[in-house]
Structure formats: structure tokens, C-alpha cells
Amino acid sequence: MSYNASQIEVLEGLEGVRRRPGMYIGGTDEQALHHLVVELLDNATDEVSSGHANRVQVTLRKDGAVSVWDNGRGIPVDPLPRYPDKSALEVIMTTLHAGGKFNDQAYETAGGLNGVGVSVVNALSAWTEVVVERDGFRWRQRYERGRAACPLEQLEATRRHGTLVTFLPDDAIFPQTRFDPQRLVEMCRSKAYLNRGVTVVLRDETPGVDPNQKAVDQTFLYPDGVRDFVREMVPGEQRVIAEPFAGLVERFGDDGKGRLEWAMVWTAEERGSTLFYCNTIPTREGGVHEAGLRAALIKGVREFAEARNLVPKGLELSPEDVLEGLNGVLSLFLSNPEFAGQTKDRLTNAGVARKVEAVVKDNLDHWLHGAPERATRLVDLAIERARERLNRKKSQARVTRKSATTRLTLPGKLTDCISSDTSATELFIVEGDSAGGSAKQARDRNTQAVLPLRGKILNVEQANLEKFEANVEIKNLITAIGADHGRAFALEKVRYGRVVIMTDADVDGAHIASLLLTFFYRHMAPLIQAGRLFLAQPPLYRITTGAETRYALDDAAKQVMIAAILKKRANAKVEISRFKGLGEMDPAQLRETTMSPQSRHMLKVVVDDPVSTDDTFDRLMGKRPAERFRFIQEKAPFAKEHLDI
């Protein structure tokens with residue numbers, strides 16, 4: 001097939017959004033449909049957070065359309081110098097990357113930073129209508145599938161100000177275009193508690209069962225912000241401590257334009273729910289602000305317990321002991337937030353984690369030491385959980401290997417071990433069938449299992465949820481380990497006492513190990529915290545002198561060995577062979593050098609500082625190549641004593 005200029009397409013205006021909606025809103029499913037409302041709500045509450053509005057209304061109309069109104073300044077309608085024949089409104093609605101949030105002149109902090117939100121809504125709608133009140137008049141313009149359907153109209157005079165955007169999703173884009181009222185309720189409620197003092201109204205005009213039913217209004221107003229919401233979220237009788245640990249810090253960050261607000265309560269339940277936001281945008285996958293909060297809470301509670309000698313000898317509080325049952329909200333406002341992807345599910349700003357940790361930790365110290373009796377109840381709960389954890393560990397010393405294996409969907413992949421004693425078993429994760437074949441022959445079949453992976457696994461630091469859930473190698477890992485992942489990860493269900501990453505002793509092997517470490521840190525962190533994740537250390541060289549064979553892990557070790565041999569026998573004949581990979585080793589060599597507990601060397605993966613670790617993964621594995629290159633320059637060569645990720 002020929003390939004020439006005739007095959008090149010240039011998509012004008014918003015046509016690219018209509019062709020590839022997944023790039024902008026994550027797909028065309030129900031979640032993506034509701035994301036259209038999120039984009040408009042973000043714009044409305046940006047007016048609120050900048051101090052120009054105090055009321056927002058979302059209306060679910062009878063015809064299936066949705067409108068979002070705010071009493072802010074109104075979108076500008078005067079012509080742009082660059083487009084003298086178009087109003088600013090039309091440019092904003094029909095052009096990607098057009099808006100007032102690329103600098104801090106119009107907004108100090110904002111959720112919509114890329115100038116694509118409202119134009120994407122316009123592109124994916126059958127029609128959109130915008131009514132602006134500003135400059136003494138009402139203005140109106142209608143659009144159809146992203147294009148202006150008429151010129152901007154100047155209507156009657158008014159003293160009011162604000163913006164009303166109404167849109168009907170295009171059924172040629174979305175398989176179903178019906179909005180879920182309950183989802184809209186949650187959206188409106190969250191915007192209200194994240195912007196203390198703002199009134200958010202949800203009006204539902206859809207008839208429901210009764211065609212004569214009048215519109216139903218729900219009003220959300222939280223004068224005390226997230227503190228009010230957390231009190232509503234967790235009834236008083238369920239809280240370990242009656243009042244939330246809460247704080248509000250203005251002028252947050254280096255530029256003094258940010259704001260940090262949080263409210264946290266603990267319950268005796270195993271599961272909790274902590275919500276994280278940046279500029280009112282829900283960051284469902286957390287990010288650096290979550291890492292900072294977790295680090296502050298863990299360190300603060302541990303230090304208080306140690307200072308008061310509350311923890312029994314021999315017992316150590318794990319992060320889960322401190323954070324289990326935690327419920328709350330952390331809301332951060334930044335002038336220049338950096339998110340992973342347009343749907344903004346994870347915050348990635350470097351340095352923010354440390355700042356959040358410092359602020360929250362300082363406030364937590366005052367909160368704990370200011371009321372020791374109250375704080376002691378929290379520590380007692382953590383101690384009780386630590387004891388329960390140890391008891392569970394003892395009681396599940398044995399697992400049923402047969403039943404666990406039959407549930408796996410890994411035919412030809414996982415070669416399991418025989419032993420039912422979890423504390424004695426190991427899972428070796430290797431790259432490719434060649435290395436997997438050698439490892440299967442070299443293993444102790446009683447206690448060692450082998451799972452070969454096909455090449456480099458997905459970089460979970462950059463992948464979206466859809467790619468993560470669809471990746472076969474990720475699924476195999478999760479199923480083999482048997483303890484789920486993310487917030488659902490259950491350490492007590494892990495099927496092996498140790499999980500060992502075993503890759504080639506070269507650059508490609510280091511890359512694969514980095515990808516696996518990223519996966520475990522982001523999705524199975526308790527495994528690392530429990531000291532159960534290891535890196536195998538296969539040798540790079542075999543050094544032979546006569547009948548004697550030695551193995552060197554790297555070039556430095558090779559030089560030391562050769563020098564020692566020649567010092568002992570100056571004219572000794574030294575033969576050096578370099579292993580190209582684990583697959584080149586025969587099973588006996590692999591067993592002796594890498595897998596046998598009696599002769600192998602392994603590195604335990606540990607996390608000394610969660611905040612710097614989070615920043616490190618973001619820099620090394622994230623989407624910023626300049627940061628990655630700088631990190632590699634700073635950190636090479638690798639540490640030999642232990643791996644401090």
C-alpha cells in the first residue's frame with residue numbers, strides 16, 4: 001500500500017475531539033458522559049474560588065440537556081485582537097487551548113488549566129447554548145457539534161453578571177446520553193464543601209414516574225467547608241474521637257497563592273474513605289498530596305506514641321495500623337497544578353508532598369499533644385489493630401495451595417510450589433519463557449514458585465485505569481499473588497512469604513525491575529512495608545581458573561576477583577564469560593548463584609521516606625523526560641547495600 005501526502009489528514013477546529021474523545025474525557029462510557037458536567041462545574045467553581053461568585057446551579061432538563069450557571073464575571077464577549085472577527089466567547093467555545101487560566105492574571109488557582117474543558121463539551125454535544133451576562137447586557141450564542149450556528153447576539157440590558165452553559169450530549173458519540181441524578185448530587189455536594197460558603201443548587205426537571213411532578217431542588221451549603229462535610233459523612237457515634245482533626249492554611253506554597261484544607265476522623269471499622277482534591281478536582285488516584293498526608297499522619301501518631309511510651313515492647317505500628325478506618329477530605333488549591341492526564345486523576349507536582357507533610361504534621365503534633373487523653377484513644381486503637389494483625393499472621397501460617405492454584409487463570413504461566421506454609425514460600429517473577437524455563441528447573445519445587453512475564457510490563461505511573469485493567473501481565477501478577485491491589489489489597493491474603501523480582505543483570509533487566517517496583521509501590525505498597533518484596537542479584541560474569549569457578553555481580557566485583565586471583569598466582573589463566581541473561585545460565589548455575597537461600601544474595605526493598613519515594617517514582621517513571629534524565633544523572637551508580645526506593 002502506498003503512503004504519500006494524499007493520506008495525510010488535517011483535522012480543523014474541534015474535529016479531532018469528535019474523532020478521538022477518549023484522549024480528552026477518557027472514553028465514551030457513562031463516566032465520560034458525566035465528565036462533561038464536571039468540566040463545566042470546574043469552570044463555575046473556579047469563579048467561586050477566585051472570589052467572583054457565590055452561587056452555582058446545575059439543572060437536569062426534561063429534554064435530557066444539562067445546564068450549569070454561576071453568578072461570576074461572565075465569559076468575555078469582546079473581540080480578541082488575534083481574531084478580530086470573533087468574540088472571545090466564540091474562540092473559547094470552538095478552539096482548543098483557549099482560556100484565561102494559562103497565567104495568574106484572571107485566576108490565581110483554577111481547576112481547568114488547559115483551555116480544553118468547555119470546548120470539548122461543545123465538540124461532543126449535539127448542540128450547546130451559552131448565555132452571558134456582563135458589560136450591561138445579556139449575550140447569547142448557539143453551537144452545533146462544536147461549530148457556531150449563529151453570530152453572537154446582544155440581548156436586553158441587565159445589571160446581572162454570570163454565565164449559563166446548556167448542552168445536549170451527542171448520541172452519535174455516546175452510546176447512552178441519560179445523566180444519573182445521584183452522580184450529579186455527589187458532584188454538587190463536593191463542590192459545595194470544597195468551596196466553603198458557596199451555595200450549589202441541583203435542580204431536577206425530569207418527570208420521573210409522575211409526569212406532573214414539579215422540579216426538585218437540592219441545595220448544598222457548608223459554611224465550615226470540609227469539616228462540616230466530614231461531620232455529615234461520619235456520624236458522631238462512629239468516631240473514635242468526636243471532633244475531626246481539621247485545619248485550613250492560607251497562602252500555601254512557595255508563591256503564597258495556594259490553600260490547604262483538611263478534615264479527618266477515625267472509626268473502628270476496617271475500611272475508611274479519604275477523598276483528595278486539587279482545585280476542587282477529585283484526584284481519584286491520589287498523588288503527591290495523598291503521600292504527604294499519609295506520611296504526616298503515620299509519623300505524627302508514631303512519634304506521639306513513642307514520646308508517651310504507649311506502644312508495648314516488641315510491637316511496631318505499621319502504616320495500616322495508623323490509617324485503617326480513616327475517613328476524611330483533603331482539599332488543595334495550587335496556582336499551577338500538574339495532573340496525570342486530562343481527566344486529572346492524580347496530582348504530580350514535585351515538592352508538594354513535602355510541603356503538605358510539613359504543614360499537616362505540625363498541626364497534628366499540636367492536636368495530639370494538646371489533648372493527650374483524646375490522642376491516647378487513637379493510639380490505643382492503632383495498637384489494637386497491630387495486635388490483631390499479628391494474630392492473623394500467626395493463625396494463617398498455612399494456606400491451601402491446591403485450592404489457591406485452581407482459582408488462577410494462568411495456564412502455562414505460573415509454576416506453583418507445593419508447600420502450604422506461607423512463611424516459607426517464595427514467588428520468583430522472571431522475564432520471558434527462556435529465563436522462566438531455567439528458573440523452573442533451578443527452583444526448590446517445595447517452596448519456590450515461578451511466574452514468567454512477557455517482556456517489559458506496563459508502566460503504571462503513566463497508564464490510565466483502562467490500560468491498567470486490560471493489561472494481561474498485570475492481571476497475571478495480581479492473580480498469582482492473590483491479594484487484590486490498590487485500596488483493596490489485603491496483606492493477609494498474599495500467597496507467598498516473599499515476592500522476588502529476578503531480572504537480567506543488565507540495563508534492560510534494571511528497566512524491567514523498575515517497572516515492577518513501580519507497580520508494587522503504587523498498587524501493593526503494604527507488601528513492601530511488610531518487608532516481603534526482594535530483588536534477586538544474578539551475577540553478570542563467570543570467572544574460571546582451572547577447576548575453580550567464581551561469579552561476579554558486576555564489573556567492580558569482577559576486577560576485585562581477578563586482582564585477588566592474580567595476587568595469589570601471578571601467571572594464573574583467568575577465563576571470563578559474560579552472561580547475556582538468566583536464560584543463558586544452566587539450572588545448576590542459576591540455583592547456586594541466585595535462587596538457593598544458602599548461597600544467593602538478595603536486596604530487600606524498603607521505603608525510608610514515603611514522601612521522597614513518591615517524588616522519586618514521579619520523576620523516574622512519570623511523563624517528564626527531562627526530570628527522568630536529571631534523576632538518572634543524580635542517582636547513578638546504584639546503591640549496593642540495599643535498595644532504598
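**Note on salt bridges, aromatic pairs and selected loop residues**

1. Salt bridges overall. The whole structure holds 35 salt bridges. The criterion is a side-chain nitrogen of Lys or Arg within 4 Å of a carboxyl oxygen of Asp or Glu. Side chains of opposite charge can pair when their charged atoms come close.

2. Basis. This is a predicted model, in which local features need pLDDT of at least 70, side-chain atom pairs count only at pLDDT 80 or more, and totals for chains, interfaces and linings use all residues. Residues are numbered from 1 along each chain as its sequence is written, and side-chain values use heavy atoms, with hydrogens and water left out.

3. Asp228 and Arg231. These two side chains form a salt bridge, at 3.1 Å from N to O. Both residues sit in helix 7 (residues 226-233), 3 residues apart, so about one helical turn separates them. Helices are DSSP runs of H or I with at least four residues, strands are runs of E with at least two, and numbering starts at the N terminus. Asp228 is buried, at 18% relative accessible area. Here buried means under 20%, exposed means over 50%, and partly exposed lies in between (1.4 Å probe, protein chains only).

4. The network around Arg231. Which residues do salt bridges with shared partners join into one network? They are Arg196, Asp224, Arg227, Asp228, Arg231, Glu243 and Glu261. Arg231 also bridges to Asp224, with the closest N and O atoms 3.9 Å apart. Arg231 is partly exposed, with a relative accessible area of 29%. Asp224 is partly exposed too, at 26%.

5. Asp135. Its salt-bridge partner is Arg134. The closest N and O atoms of this pair are 3.3 Å apart. Asp135 has 48% relative accessibility, so it counts as partly exposed.

6. Negative patch. Asp29, Glu30, Glu466 and Glu469 form a negative surface patch. Patch members have over 30% relative accessible area and no salt bridge; like charges are joined within 9 Å, and nonpolar side chains (Val, Leu, Ile, Met, Phe, Trp, Tyr) within 5 Å. Lys and Arg count as positive, Asp and Glu as negative, while His and the chain ends are not counted. Each charge is placed at NZ of Lys, CZ of Arg, CG of Asp or CD of Glu. Areas come from the Shrake-Rupley method with a 1.4 Å probe; for residues, only the protein chains shown count as cover. Glu469 belongs to helix 14 (residues 465-470). Its relative accessibility is 49%, so Glu469 is classed as partly exposed.

7. Aromatic pairs. The search of the whole structure gives 11 aromatic pairs. Rings of Phe, Tyr and Trp (its six-membered ring) pair if their centres lie within 6.5 Å; planes under 30 degrees apart are stacked, over 60 edge-to-face, and the rest tilted. Tyr193 and Tyr277 have ring centres 6.1 Å apart and planes at 80°, so this pair is edge-to-face. Tyr193 lies in helix 6 (residues 181-194) and Tyr277 in strand 14 (residues 274-278), so the contact ties together parts 84 residues apart in sequence. Tyr193 is buried at 2% relative accessible area, and Tyr277 is buried at 6%.

8. Phe245 and Trp262. This aromatic pair is tilted, with 5.8 Å from centre to centre and 55° between the planes. Phe245 is in strand 12 (residues 245-252) and Trp262 in strand 13 (residues 258-266), so the pair links parts 17 residues apart in sequence. Phe245 and Trp262 are both buried.

9. Aromatic cluster. Tyr193, Tyr222, Phe229 and Tyr277 make up one cluster.

10. Positive phi. Thr280 is not a glycine, yet its phi is positive, about 70°. Thr280 falls in the loop between strand 14 and strand 15 (281-282). Is Thr280 buried or exposed? At 1% relative accessibility, Thr280 counts as buried. Asn309 also has a positive phi, near 55°. Asn309 lies in the loop between helix 8 (288-307) and helix 9 (319-323). With 68% relative accessibility, Asn309 counts as exposed.

11. Asp554. This residue is in the loop between strand 22 (548-552) and helix 18 (555-568). Its relative accessibility is 22%, so Asp554 counts as partly exposed. Asp554 and Leu540 are 14 residues apart in sequence, and their C-alpha atoms are 5.6 Å apart in space.
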